[in-house]
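Keep the viewer open as you read.

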Amino acid sequence: MCGIFAVYNYYGDVGEFRQRALELSKRIRHRGPDWSGCIVADNSIICHERLAIVGIDTGAQPLTNEDETLILTVNGEIYNHKKLEGELKQPAKFKTHSDCEVILHTYNEIGTDVCAKLDGMFSWALLDRRSEKSRFVAARDPIGITTLYIGRVSAHPETIFISSELKSLNEECDQIDEFPPGHYFDSADGQFHRYFKPDWWTPERIAVNPVDYRQLRESLTAAVRKRLMTEVPYGVLLSGGLDSSLISSIAVREAHRISANAQSDAEDIDTRGARYYPRMHSFSVGLPGAPDLIAARKVAKFLKTAHHEFTYTVQEGLDAVADVIYHLETYDVTTIRASTPMYLMSRKIKSTGVKMVLSGEGSDEVFGGYLYFHYAPNADDFHSETVKRVHNLHTSDCLRANKSTMAWGLEARVPFLDKEFLQVAMNVRPQDKLCSKDLMEKAIIRRAFDVEFADAGFTAEELAQGPYLPHDVLWRQKEQFSDGVGYSWIDSLKEWADSRVSDAAMAGAKERFPYDTPDTKEAYFYREMFEQHFPQKACLSSVVRWVPRTDWGCSADPSGRAQKIHEKAY
């Protein structure tokens, strides 16, 4: 992934603004430290900060067609680029080996219908100069794995700003909104248009399909396989919990399978990564003695990965919080708690030369894995809540995974949010996903990969490879990342905030922060730091706070340990 910045129909002298645009684009260069590009055309500016993952020799952006009537800047990965290239009706001259260039040529043939055809994670902006009046189109992936913002100046509504991060917009725009996932914006009518319209998207529509464990397993395996597309060293984030361990296990198996077989030109997906780097590297982080470190060590030994274990002290974590808030562009408590260790780990991962990792985000939303799901009143409410959580992933876990890693030029890919896998998993009836005191959360996906489960539908070939994971890891209780890195981490954050925010200040929170007033000292402290970085009122609209369903009778504290069902609840 990369960083993109664009200004359409600038209201002033675009030539004079070019230097300012370069400065604004530079603010997100941490996302793309490998190269920078800028094109000025038709009173618009298109910029790009590149992180080279695929097409590393020729993939500099912005991308253009032969006569430069189409100009494109992209942040993302297009996993079905080979398939789309084969579907082009007219011969197209590709200037690069980038997987993203196919967007340009497909748009040239079918316009904005290209959005629904893309299989991947992406944010992009395109300037179409083929008509007398130029047209500007921008789009974001279905779930919002990549981050994207749109800004405007109220005195000049004809101008549109686009950026991967808030920090390139807050000094120029007095209106900033998060770009909605699964939509494209078209300057032709000035509107957003939803292109992602799966049948499961409506929370009120309750799924009815009985679980097919084999289909579930095969669709997740396919999601992991397509994400091994890379030309640079890669690895897996391994916390030792269910989600990251499953993704790691599948990745190891698929890498072995790919490297053992000859390259096939007929294959629709790009499998170079597993051929270039067949040995899987795994990474974990935590305070010394953390539950995640112990579990990850066990999984890594089982999978025979090249394992890298990183530790940090509480003080190192506290020292990083202000930087984390700057990069994450949020004051949400649970996001900051979980992002800090991920931010620290990403820096160390990048120092090893690895530029891409697979991660386990999304599973808890899809399968109701958060411990508060134990309190769902009934199956229908359980299902509706999973759909709503998937809707809001772009405000929490996707934001964390993207910005914590991209702060250091590290790309995170999330197989659980593959749109074909979601089509299978989100259509499973809620009765098959429910958890209880006698049935652990996410039992459905655990069973799909449990070789001892009779109804999992394993093939003889699969059984011959042995278990995917040790049984106690496959059935390990959910630990939220901010808990698993060490139980003292959250406790220390609370104590730190208590020491920095007085009772008097907390009593005046409503007056100090009339919008989205913080309700704890920890939330107050983070809000203060956020507004030091982003004092403009326009910066508040994109922040969403993650809280459990208190109306189900569970704690409002986002920590998993706050739920009574946790083995070590406080």
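**Backbone and sheet**

Lys304 counts as exposed, at 63% relative accessibility. Here buried means under 20% relative accessible area, exposed over 50%, and partly exposed in between (1.4 Å probe, protein chains only). The model is predicted: local features need pLDDT of at least 70, side-chain atom pairs count only at pLDDT 80 or more, and totals for chains, interfaces and linings use all residues. Residues are numbered from 1 along each chain as its sequence is written, and side-chain values use heavy atoms, with hydrogens and water left out.

Lys304 is not a glycine, yet its phi is positive, about 60 degrees. Lys304 sits in the loop between helix 8 (291–303) and strand 15 (306–311). Helices (H or I, at least four residues) and strands (E, at least two) are DSSP runs, numbered from the N terminus.

Glu329 also has a positive phi, near 60 degrees. Its loop runs between helix 9 (314–328) and helix 10 (333–351). Glu329 is buried, with a relative accessible area of 1%.

Next, a cis peptide bond. It joins Gln61 and Pro62, with omega about 5 degrees. Pro62 lies in the loop between strand 3 (44–50) and strand 4 (63–64).

Two strands pair if DSSP finds at least two bridges between them. Strand 6 (residues 120–128) and strand 7 (residues 135–140) run antiparallel, joined by six bridges. Trp124 stands opposite Ala139 in strand 7.
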